[in-house]
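Q: Can you take a look at this one with me? I'd like to go through the aromatic rings and then the surface.

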Amino acid sequence: MKSDKNEQYIKEFYENRKSKNFAILGIIIFLVVLFFFITILRMDITG
């Protein structure tokens, strides 16, 4: 009984961590794309 609860807790913990990791990955990708576009725009304005 105790190990079944423990396994369920571990499974939920890793699912929550996985969703949090995907959210952080999305934010990082968004920031990279944002800085890329800012750099492209600054090159066009100064050039």
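Q: How many aromatic pairs does a search of the whole structure find?
A: The search finds 2; rings of Phe, Tyr and Trp (its six-membered ring) pair if their centres lie within 6.5 Å, with planes under 30 degrees apart counted as stacked, over 60 as edge-to-face and the rest as tilted. F13 and Y14 form an edge-to-face pair, 5.4 Å centre to centre with 75° between the planes. F36 and F37 are also edge-to-face, at 5.7 Å and 65°.

Q: What kind of model is it?
A: This is a predicted model, where local features need pLDDT of at least 70 and side-chain atom pairs count only at pLDDT 80 or more, while totals for chains, interfaces and linings use all residues. Residues are numbered from 1 along each chain as its sequence is written, and side-chain values use heavy atoms, leaving out hydrogens and water.

Q: What share of the 47 residues is buried?
A: Buried residues make up 0%.

Q: And where does F36 lie?
A: F36 is in helix 1, residues 2–46; helices (H or I, at least four residues) and strands (E, at least two) are DSSP runs, numbered from the N terminus. The protein has 1 helix and 0 strands.

Methods. Buried < 20%, exposed > 50% of the residue type's maximum accessible area, 1.4 Å probe, protein only.
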